[in-house]
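Here is my note on the model, point by point. Please read it with the structure open.

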2 protein chains.
Amino acid sequence: MKLKTIGIDLGGTSIKAGVVDAKGAIIASGERPTLAGRAYQDIIGDIAGLCADVAAAAGISLCDIPAIGAGLPGVVDRRNGKVYLTNLFWEGVPFEESFRQYIDKPVFLTNDANAAGFAEAKIGVSRDTEASVFLTLGTGVGGGVILGGKIYEGAHGVGGELGHMIVRAGGRSCNCGNSGCLERYTSSQGLIAQARELMGEYPSSAIVSLCGGDSKNLTPKIIFDAAKSGDELAGRLFGEFVSYLALGIVSYINILDPEMFVIGGGISKAGSFLLDAVRAEVAKAVLFKALPYGRIELASLGNDAGIIGAGLLARGER
Amino acid sequence: MKLKTIGIDLGGTSIKAGVVDAKGAIIASGERPTLAGRAYQDIIGDIAGLCADVAAAAGISLCDIPAIGAGLPGVVDRRNGKVYLTNLFWEGVPFEESFRQYIDKPVFLTNDANAAGFAEAKIGVSRDTEASVFLTLGTGVGGGVILGGKIYEGAHGVGGELGHMIVRAGGRSCNCGNSGCLERYTSSQGLIAQARELMGEYPSSAIVSLCGGDSKNLTPKIIFDAAKSGDELAGRLFGEFVSYLALGIVSYINILDPEMFVIGGGISKAGSFLLDAVRAEVAKAVLFKALPYGRIELASLGNDAGIIGAGLLARGER
């Protein structure tokens, strides 16, 4: 199939879409604000409008597009196609049915982290692996499990929600209703929440001055940069972050034993500073010291991974 | 293939083997003590001897056996076939090579919990499921993940070591070197260790009298029976046990989202008393309340599951 598809990456802040070719190259792309909180019909109308825009920008007609793929920030009920997207306040929205009122093409839906992990496994750092685990460390923690070149979604579409593995029973409260989910310790939200709690103990920390004394200005970058410069509070926060991420990876090894872990999301921009520390911690904590285990690598496709993965998914190779 | 195979279930205490037909029925079986600590050649010689015994008991010649399967209490290095069995002090034993000096047949190796889970998925409670997770709650916690009718072993043979998912970072020390593994909370070892710690606080507990004041006599059955009768300490221990098991299951749902969980091992003999409590806790803690999730059931094949699974595995349908 040499035809091009459209990949959509729907987020809480923006809708992104692109025309994607058979090799996963983005021919043209565009973006609109999500304006979460609007009626779903309006958002889906905007998504369809954006699809028309990117097709035009790529110089092709929508008639030439066999199908559309979308990565969504939530889950799809495989029984009826209804989608549940917490950040958009969507509880059981019939996405494909609604979308096809604008553009009558088959729509392939998956979770956004699944889409990004799929892109990495098809054309990115984890290409040619039989089993890879993608972790996106951003506001929260998303996950994608790719087995045998396909997205592993489990029996009910919930598989790969890796950020909600419980790593500390009775620990930090999570939005999901449980406590101690990995997401609470290895996301920017989790990191910043922990920084806020500890800033009082370290009044002379560089973190305090770098955010002008206001924890609202804190970012993972501020904390990681301060850790690199030897700041004590930042070092503690970074150490805890790495320790939890490594424990999470060790658990995934003991469950899924992939060929490769791919670390993406905003926090992965910390690059080798983060990667080297995580690799060292995992090496210490891995269960069978005599056996090899999955390599840990940084994602290679950046913010485009979601569009690419959704576009490739629309080729029906899920 | 209508031929029969032999399935071996190697444990720290005993070696079990049986002749298994194409439907998973055991035609004849036998058992010898493992006598762990002996040279591996001696144990493997005994395993081969037991294979000859059970073939004779089934009235067939070893010549009629195309292959042999074995479930081992540990992992197999897929690069070279060497096996690592902690309880037997085997660190890199060439099992198949050594076994074939006695009986020159192909040997299919897997982890013992994988074998039991495979048996349940082929002919037991989880038959006809696309994805099932088997948990054996015994001295430790073993796991088996069966996807698409095959044992999922991951890229390096470590997949499915479910008892070593970390559920409480910084928690109880585990034999594996980490802390807070699920096994430390939902095995008989974990349950009894917790009981020992708390017995001093509850001197009038039925548990104390039932074990004659000596915690060495404690068993999960004593604790569960006392919990059923309303004993306060036992109720607390049972509640914590169930809570951790449910959190573990919720994490597996978020990662693997199977069609069914199968609970086996000695502790599963607690039956519906345990099952009902676990189901209720999982229902409260599951991430997506609007979506269905895997049923939780008791294993159906009992102690034979290991032999049956290994026998079926030898048919090459792994």
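1. Which residues does A:Thr5 touch, not counting residues up to four places away in sequence? The list is A:Gly18, A:Val19, A:Val20, A:Ile65, A:Pro66, A:Ala67, A:Gly311, A:Leu312, A:Ala314 and A:Arg315. Touching here is contact, meaning heavy atoms within 4.5 Å.

2. Some ground rules. This is a predicted model, in which local features need pLDDT of at least 70 and side-chain atom pairs count only at pLDDT 80 or more, while totals for chains, interfaces and linings use all residues. Residues are numbered from 1 along each chain as its sequence is written, chains are lettered from A and ligands numbered from 1 in the order in which they are written, and side-chain values use heavy atoms, with hydrogens and water left out.

3. More on A:Thr5. The residue is found in strand 1 (residues 5-10) of chain A. Helices (H or I, at least four residues) and strands (E, at least two) are DSSP runs, numbered from the N terminus. A:Thr5 counts as buried, at 0% relative accessibility. Buried means under 20% relative accessible area, exposed over 50%, and partly exposed in between (1.4 Å probe, protein chains only). A polar atom of the A:Thr5 side chain lies 2.6 Å from the backbone oxygen of A:Gly311.

4. The interface. In chain B, 45 residues are in contact with 45 residues of chain A. The two chains bury about 4000 Å² between them, 64% of it on carbon and sulfur atoms. Buried area is the accessible area (1.4 Å probe) that two parts lose on being put together, summed over both. On the chain B side, B:His156, B:Ile255 and B:Asp257 lose the most area to chain A, together 17% of what that side buries.

5. A salt bridge is a side-chain nitrogen of Lys or Arg within 4 Å of a carboxyl oxygen of Asp or Glu. Polar contacts do cross the interface: 28 residue pairs, both at pLDDT 80 or more. A polar contact is a pair of N or O atoms within 3.5 Å; within protein, one must be able to donate a hydrogen and the other to accept it, and residues adjacent in sequence count only if both atoms are side-chain atoms. Helix 8 (residues 232-256) of chain B gives the most to the side of chain B that touches chain A, with nine residues.

6. Strand 1 (residues 5-10) and strand 2 pair in the antiparallel sense over six bridges. Two strands pair if DSSP finds at least two bridges between them. B:Thr5 stands opposite B:Val20 in strand 2. These two strands form a hairpin with three residues between them. Strand 2 also runs antiparallel to strand 3 (residues 26-33), joined by seven bridges. There, B:Gly18 has B:Ser29 as its bridge partner. The hairpin of strand 2 and strand 3 has five residues between the strands, and B:Gly24 takes a positive phi near 90°. Why is strand 2 largely enclosed by the rest of the structure? Six of the seven residues of strand 2 (residues 14-20) are buried, so the strand is largely enclosed.

7. Three strands form an open, antiparallel sheet in the order 5-6-7. Strand 5 (75-76) and strand 7 (90-94) stand at the edges, each with a single partner strand, so one side of each is left without a neighbour in the sheet. Strand 6 (residues 82-85) and strand 7 pair over four bridges. B:Lys82 has B:Pro94 as its bridge partner in strand 7.

8. Helix 7 (residues 220-228) of chain B. Its buried residues are B:Pro220, B:Ile222, B:Ile223, B:Phe224, B:Ala226 and B:Ala227. They pack against helix 5 (188-199), helix 6 (206-210), helix 8 and helix 9 (272-285) of chain B. B:Gly230 follows helix 7, with a positive phi near 90°.

9. Salt bridges. B:Arg184 and B:Glu183 meet at 3.1 Å, N to O. B:Arg184 is buried, with a relative accessible area of 8%, and B:Glu183 is buried at 9%. In chain A, salt bridges that share partners join A:Arg32, A:Arg38, A:Asp46 and A:Asp53 into one network.
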